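Student: I have a model open in my viewer and would like to talk through its geometry. Could you take my questions one at a time?

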Amino acid sequence: MLFFSSSLRLAFPSKLFVPQKFLRFMPVVHGGGASFKWGSSLFSQMAVSQLNSSSASSDEDNQLDSSSSLSSSIASHETLHWSPDLDSFRVVEILRSLRAEPDLAIAFFHRSKEEAGFRHEISAYVELVKILCYWGLDRKLDSLFRGIILPSKEQPGGPENLPFLISEFLLRLEEELEVGQSLFRAYNALVKSYVSVAMFDDAIDVLFQTRRKGFVPHIFTCNYLLNRLIEHGKMDMAVAIYKQLKRIGLSPNDYTHAIVIKALCKKGALEEAADVFLEMEKAGLKPSPFAYSAYIEGLCTNHRSALGYKILRACNESKVNIDMYAYVVVIRGLFNEMKLDEVESVFYGMEKDGLVPDLHVYGVMIQGYCKTHNLLKALALHDDMVLKGMKTNYVIVSSILQCLCNMGMSSDVADQFEKFKGLGIFLDEISYNIVINALCNLGKVEQAVELVEEMKSKGMVLDIIHYTTLIKGHLLQGKIADALNLVEEMNKMGFKPDIVTYNVLAAGFSRNGLASEALNLLDYMKEQGVNPDSVTYNMIIENLCKGEKVKEAELVFDHLELKSVDNYSAMVRGYCEANHTRKAFDLVFRLLKQGTLVSKSCFFKLLCKVCVAGDNDTALVLFETMVTMNIEPTKVMYNKLLSSLCKTGDVKMAQHIFDVFVEKGLTPDVIDYTMMMNSYCRLNCLQEAFILFHDMKRKGLEPDLITYTVLLDGLLKVHRRSIGSSQKARKMSEPVGTSIVLSEMQEMQIRPDVILYTVLIDGYSKLGKCQDASVLFREMVESGLEPDAVAYTALLSSCCNRGDVDGAVTLINEMFSKGLEPDTRAIPALHRGIMNRKKRSFRNS
């Protein structure tokens with residue numbers, strides 16, 4: 001068998017010059033030490049001849065020492081075959097002879113294994129390690145060790161396994177290498193190799209063997225191990241090793257401490273992390289910016305973002321060069337804690353401190369606003385970022401598009417997508433899928449398909465998510481055949497439907513009333529090796545109810561052998577979808593008696609349903625049950641219940657819920673306050689309404705146009721009731737408080753709309769102040785507002801009250817000319833006006 005083929009020329013120069021003195025002074029290793037003895041070596045000449053035999057020309061052969069008979073004989077051969085009796089001993093001797101040329105030694109070692117099929121024994125590996133350690137070739141040493149340990153990890157007991165154990169290899173290394181730099185280097189390399197392939201137990205075992213050999217591992221090796229442990233989520237192990245290493249005499253550097261701070265923060269041990277800074281101070285080490293950044297990130301991850309920001313500010317004041325990433329983690333942490341005011345303080349505080357927010361900071365701000373559904377601020381910040389010369393990216397764009405989708409603004413998703421595309425922004429497959437999903441939700445499946453074709457034309461690769469989204473779109477339209485065709489296409493493209501795809505199919509079949517097909521799908525899934533999960537059954541139950549197949553849903557539910565809380569919750573949600581709220585209510589309370597609590601979302605859905613139905617008694621029972629069971633109602637739940645109580649005029653109970661709302665630490669918004677004020681105004685309780693009004697302003701909430709409209713309507717109605725039926729009193733009396741409210745609106749630059757003008761016109765008309773009502777109507781028109789039928793009817797009533805039938809007729813004709821239909825109050829009002837004028841004419845005659 002040829003030992004080396006002509007392919008050797010790829011690895012070595014075609015003219016390999018080997019001078020006479022090289023042949024004479026090849027290194028020979030005696031004993032187990034790392035020392036050299038220089039002298040002539042038969043094996044060195046053999047090795048050189050092996051490397052030159054098949055690739056060297058006759059000219060190259062002539063460059064060898066002609067006085068050496070061995071060299072001459074080698075040069076005379078054009079090719080050289082391996083001797084059949086080549087053994088491990090001869091390989092080791094050749095390696096020793098090549099000690100002065102480590103690259104040749106490595107080539108000899110690997111070529112003999114790869115091309116000649118020779119299986120190296122432990123002695124060959126040890127010899128090569130000695131060469132690599134001597135020359136300090138750490139990377140090649142790492143590569144060799146990985147080649148040793150990987151077969152034992154990936155193919156234990158297989159044919160590719162080494163003919164020796166790692167433990168035997170270590171013993172031989174200790175015997176062959178003196179305790180010194182070479183053994184130190186070998187152990188460090190072996191530890192790093194174990195760590196690189198995540199064999200942490202073996203790495204730790206070797207690491208602590210160094211102590212028994214009389215030396216401490218290199219700090220860089222320890223740092224590498226600790227870092228990789230953290231990357232693999234082994235925080236406890238990293239901290240334990242750090243403490244043990246200190247006990248055996250390791251002196252951690254600033255980076256070691258920073259890594260440990262990171263580990264402690266990730267496991268939530270913030271006080272211990274702070275203690276590490278004290279350790280550094282005692283050791284005379286200055287914490288690095290990385291250490292501070294790790295601690296700040298740990299605080300923010302553990303919901304201590306405000307403290308993280310304080311430390312960040314302190315670092316800036318102390319001129320510690322903190323990376324901009326620290327601002328990113330602080331902002332993200334504050335968003336996660338819903339501290340939106342503090343977020344803006346941090347962001348705008350950067351500019352005050354002379355720092356320019358970069359793309360990452362803008363990105364986390366925009367993503368934070370999108371997650372909290374504050375779309376206007378997200379878009380404004382995006383525009384500001386672009387104006388400052390920063391180019392947006394597909395991650396930020398996807399956040400905005402997803403926010404629109406989550407807020408139910410699917411129609412705006414496609415428009416915004418086209419806008420971004422028009423700006424030349426690269427949009428990835430995720431961005432496209434968001435738009436495809438939005439179009440499917442709108443029922444525009446054909447446009448979604450066009451977008452998929454556009455992706456294909458741009459060389460984008462469709463994945464199972466895109467197919468599943470389109471399948472869902474077809475099913476939402478009831479196009480079962482088209483959905484199944486897509487499944488077939490997906491299979492042809494090599495995408496096997498996963499559990500998500502099957503769940504979409506199960507939901508689609510059920511929603512379209514195909515109960516038997518949905519149940520048959522369960523058997524088909526099992527045949528394909530995909531087991532239906534709890535979500536699958538929940539999809540079928542809920543969507544059968546949506547498809548008005550409640551009995552079928554109950555059958556599926558009843559046939560479940562083991563019912564989970566999720567299954568019960570699905571049945572409750574299904575009943576709610578089918579408006580069977582009494583069944584849902586009964587099931588929830590039957591489960592409570594059995595000690596089973598359905599999900600919070602079920603309580604919310606049921607509470608919404610009973611509130612919409614105006615069943616306040618059931619809603620209150622449900623609410624009180626939630627509080628008793630320590631299910632904290634959300635702000636939306638409070639709003640729903642509050643709205644239902646206010647609509648039915650149960651102000652006393654509404655006030656109780658409002659007070660509980662505040663006691664729980666939740667902040668009522670302008671809508672909550674306005675609903676309560678409106679309820680009090682309807683009951684002539686103006687004092688209570690204005691107490692809430694002033695409380696709202698005291699808490700920093702600015703009244704909006706609707707709030708002022710409610711108050712003005714209440715003031716006018718209460719004033720009208722207070723002065724009785726005397727027409728003279730009505731005309732003479734000015735409504736108390738209206739001028740103050742209107743002045744405040746003017747100061748706040750809140751312009752009246754058609755509804756507010758209508759309230760004022762109607763109020764003044766009923767007070768007999770018809771002239772004032774007419775002035776307000778003209779003012780409304782002159783301000784550019786278009787009166788609606790209600791506004792015309794209010795002024796028409798005013799005209800009729802003062803006997804101005806001609807003016808009323810003019811208004812009626814004007815309404816018809818504008819395409820406005822007089823409402824049910826307009827014609828009777830005109831009739832009353834005509835009758836009143838006839839009565840006055842009769843009396844005058």
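Predicted model: local features only at pLDDT ≥ 70, side-chain atom pairs only at ≥ 80, totals over all residues.

Student: How many helices and how many strands does the chain have?

Tutor: Both are DSSP runs numbered from the N terminus, with helices (H or I) needing at least four residues and strands (E) at least two. By that rule the chain has two strands and 47 helices.

Student: What share of the contacts with a separation of 6 or more comes from residues 24 or more positions apart?

Tutor: A contact here means heavy atoms within 4.5 Å. Among contacts in the chain with a separation of 6 or more, the share from residues 24 or more positions apart is 63%.

Student: At what angle do the axes of helix H5 and helix H7 cross?

Tutor: Axes are lines fitted to C-alpha atoms, for helices over the stretch in contact, and angles run from 0 to 180 degrees between N-to-C directions. Angles under 35 degrees count as roughly parallel, over 145 as roughly antiparallel, 65 to 115 as roughly perpendicular and the rest as oblique, and H5 and H7 are therefore roughly parallel to each other. On the H5 side the contact is made by Ser88, Val91, Val92, Leu95 and Arg96, and on the H7 side by Ser123, Ala124, Glu127 and Ile131. The axes of H5 (residues 88–97) and H7 (residues 122–135) come within 9 Å, and they cross at roughly 5°.

Student: Which helices does the salt bridge between Lys421 and Glu454 tie together?

Tutor: A salt bridge is a side-chain nitrogen of Lys or Arg within 4 Å of a carboxyl oxygen of Asp or Glu, and the side chains of Lys421 and Glu454 meet at 2.8 Å, N to O. Lys421 counts as partly exposed at 21% relative accessibility, and Glu454 is partly exposed as well, at 22%.

Student: Where does Lys479, the salt-bridge partner of Glu446, lie?

Tutor: The closest N and O atoms of Glu446 and Lys479 are 3.0 Å apart. Glu446 counts as partly exposed at 48% relative accessibility, and Lys479 does so at 29%. The pair links distant parts of the chain, 33 residues apart: Glu446 is in helix H25, and Lys479 is in the loop between helix H26 (464–476) and helix H27 (480–492).

Student: How far apart are the closest N and O atoms of Lys456 and Glu453?

Tutor: Both residues lie in helix H25, three residues apart, about one turn of the helix. Lys456 is partly exposed with a relative accessible area of 36%, and Glu453 is partly exposed with 43%. They form a salt bridge whose closest N and O atoms are 3.5 Å apart.

Student: How many salt bridges does the structure hold?

Tutor: Some share partners: Glu93, Arg96, Glu127, Lys130, Arg172 and Glu176 are joined into one network in this way. For the structure, the number of salt bridges is 32.

Note on methods:
Residues numbered from 1 in each chain as written. Heavy atoms only, no water. Buried < 20%, exposed > 50% of the residue type's maximum accessible area, 1.4 Å probe, protein only.
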